[in-house]
Each structure stands twice: as structure tokens, then as C-alpha cells.
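Here's a quick briefing for anyone about to open this one up in a viewer. Have a look at the model, then go through the notes by topic.

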Amino acid sequence: MVRTLLQDLAQQNHRSAADEPDTRPLKFQQTIPRSLVHRAAVSEVFVTDMNILGPDRFEVGAQWPRRHTFFGPRTQASHDPMLYAETCRQAGLLIAHRAYGIPLGHNFLLDHKTYSVDAGGLATVGRPVDVTMRVSAHEVKYRSKDVAGMRLDFECFRDSHRIGTMSERWRCVSSSVYRRVRGDHFAATPFQAKVLPTVDPALVGRERPEDVLVARTDAPGTWSLQFDPDHAVLFDHGVDHVPGMVLVEGARQAALLTADDPYALPVHTDFRFLKYVEFDQECLLHAVEEPSAEADTRVVRVTLEQNGATAALGTLAMRSSCQAT
């Protein structure tokens, strides 16, 4: 099969990385092609450039907008930590496609994601912020000669100061394999299985009702995941299951309600993804507060359940908004 020019260049870059490391300064003048980070809207792309530093080592440039319709800032003084997480996600996809030659048509299956970020490093300054990520790949797995998965570890820098870390583990499969994996759910279109009135936006630090993803249930500490399939950011492009971003944001909002602090910042999260969350059944979020070693931080464990089975689970360390601002 004839490979695309993009694949040829990516594989050539990866092979030559050890001999010819790229030491040029990162550029922040424009974003990369949106297809490389699986975005439909150019406005939702934050990554601007990438250098290959050596075997399985990279640096990626990105710019955080002064404001964003969904990612915040969550307080007047702080960018949203989820913007940080989304930036790392895009950097990982860019590396997968450009450095390892993974075809754009492949599907990615996220298994585990964790991040920690310094609240001070998220400070807003009234203008866009340039950030640099240093990324290393580990446990790269192959299927025949093709990359089938890896773990990526990130360090994020702002003005040369490290402000956060992140790690994600994922697998990737061809479209034909994905079709078999998804079975009857392949090519499903987004719709809301059960529509319930969501909580007041102010309770989860939001202004727009369409950004609220949780509704009350009769069970204490249990919330119903609700979403707008036409949401311009959460459903930026076609998907056949509820996106991971929706699951994490739903868990964040359940944690905010549990902590009773609408502007608390999730400075550390740890999520495991076990099953796809489908559109045709209700997904419940069970939130339980756990002991915290820090007085200004509330730790909340959230389990996402669908059809009686755990689909994902995560722990969020929420720093008090009094401390964050």
C-alpha cells in the first residue's frame, strides 16, 4: 500500500532523530494542522510546533489563549487545569502522527491519564501564554512494524519554570480493527440517552447552561452525566461514544459539588478508562470524598458507571479557590 507523504516524513524524522536532533527554537506564530490533533475547528488547536530531540524525546510548543469559551479561565487569576491537560493531549497526538508515522485514520484508545500542575503556573496575565512541553516516550509497543501503543510522559514549562507533569498510556488500532472492536456501536451518532435538568451553572463555576454536565439523582453523592451533542468544544468532531473529555469534565463537576467549592482547581488527577461510555444508556457518576494530607485540598474519588459496570474511575485533588486566587 502506498504510504502518504506525511507518514514517510514522520518515519524518516523518527529514524534520523538520534543522528540529527532538532535544536532550533520552537515557533509560536501559528498552530499546526488541526487534523494532527484530531480537531475540526482551527480555534480549538493550541499546539504550535514540535522538535525531535533524540530517540523517543521531543519538545512541543503551545499557546494558551487569554480566554476560552469552555476552558476558562476558571477564576480571574487562573487558567483552567483542564486546558493544560488538553494541551498535553494534543501534543501526544502530534508526536504519534509526526514522529511515529501513525496514520491519521487510526483510532486511539486511552487507558490511563494522570497529571499534576502548580496552581501558580496557571496564572493569567491578560494576554496569551506560550508554554513548552518536554515529552518522552516509553514502552513503545509494535504490531508487526507498526506502532500499537505507548506511554508518554510530559513536563510543562512556562517562562523556563516547570509548572506541571503528565503521563498518559494509550493504544491505537486501524479503522478496520476499530470497526470490529466497536461492533454494533460503530459509527453511532451523538445523542443524549436521558435528559435531566442540570444543576445551576454557578454551582460548578460555569456561566452557560450548556457547559454543565451533571444532574441530581435521588441517590446522595450520585450524579447523572448530561451533555449537549451539539456542544462546539466537547463534540468538536464526529465520535461514536462519549468522549473522554466529557467524562473527565463530568467527574470534575461532580467533585466540585462534593467539595462545595465551584472554583476549586483540580491540581492533580488520576483517571483510568475501562470501557466505552455509549450514547444509548445513562451514565452515573458516584463521588466520594477521601482524606487529604493538605488542609487547602479536597480529594474526591469519582466512579463512572454505565449499565451496572464501571466504565472509568478517577481521583481529583481539588485546591481551594481561596488558595488558588
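**Salt bridges**

At 32% relative accessibility, Arg 301 counts as partly exposed (buried means under 20% relative accessible area, exposed over 50%, partly exposed in between, with a 1.4 Å probe and protein chains only). Bear in mind that this is a predicted model, where local features need pLDDT of at least 70, side-chain atom pairs count only at pLDDT 80 or more, and totals for chains, interfaces and linings use all residues. Residues are numbered from 1 along each chain as its sequence is written, and side-chain values use heavy atoms, with hydrogens and water left out.

- The partner of Arg 301 is Glu 290, and their side chains meet in a salt bridge at 2.6 Å, N to O (a salt bridge is a side-chain nitrogen of Lys or Arg within 4 Å of a carboxyl oxygen of Asp or Glu).
- Arg 301 lies in strand β11 (297–306) and Glu 290 in strand β10 (283–290), so this pair ties together parts 11 residues apart in sequence (helices, H or I with at least four residues, and strands, E with at least two, are DSSP runs numbered from the N terminus).
- Glu 290 is partly exposed too, at 27% relative accessibility.
- Salt bridges that share partners join Arg 74, Asp 80, Arg 206, Glu 249 and Arg 252 into one network.
- Searching the whole structure turns up 22 salt bridges.
- One of them pairs the side chains of Asp 49 and Arg 24, at 2.7 Å from N to O.
- Asp 49 sits in strand β1 (47–54) and Arg 24 in the loop between α1 (5–16) and β1, so the contact ties together parts 25 residues apart in sequence.
- Asp 49 counts as buried at 8% relative accessibility, while Arg 24 is partly exposed at 30%.
- Arg 182 and Asp 240 form another salt bridge, with their closest N and O atoms 3.5 Å apart.
- That pair links distant parts of the chain, 58 residues apart: Arg 182 is in helix α3, and Asp 240 is in the loop between β8 (222–225) and α4.
- Arg 182 and Asp 240 are both buried.

**Rings**

- Arg 182 also lies over the face of Tyr 276, 4.3 Å from the ring centre (a charge sits over a ring if NZ of Lys or CZ of Arg is within 6 Å of the ring centre and within 35 degrees of the ring normal).
- The charged end of Arg 134 sits over the ring of Phe 157, 4.3 Å from its centre.
- There are 12 aromatic pairs in the structure (rings of Phe, Tyr and Trp, the last by its six-membered ring, pair if their centres lie within 6.5 Å; planes under 30 degrees apart count as stacked, over 60 as edge-to-face and the rest as tilted).
- Tyr 84 and Tyr 115 have ring centres 5.6 Å apart and planes at 80°, so they're edge-to-face.
- Tyr 84 is in helix α2 and Tyr 115 in strand β3, 31 residues apart.
- Tyr 84 is buried at 0% relative accessibility, and Tyr 115 is buried at 2%.
- Phe 271 and Phe 273 are stacked, because their ring centres are 6.2 Å apart and their planes at 20°.
- Ring pairs link Phe 191, Phe 227, Phe 235 and Phe 279 into a cluster.
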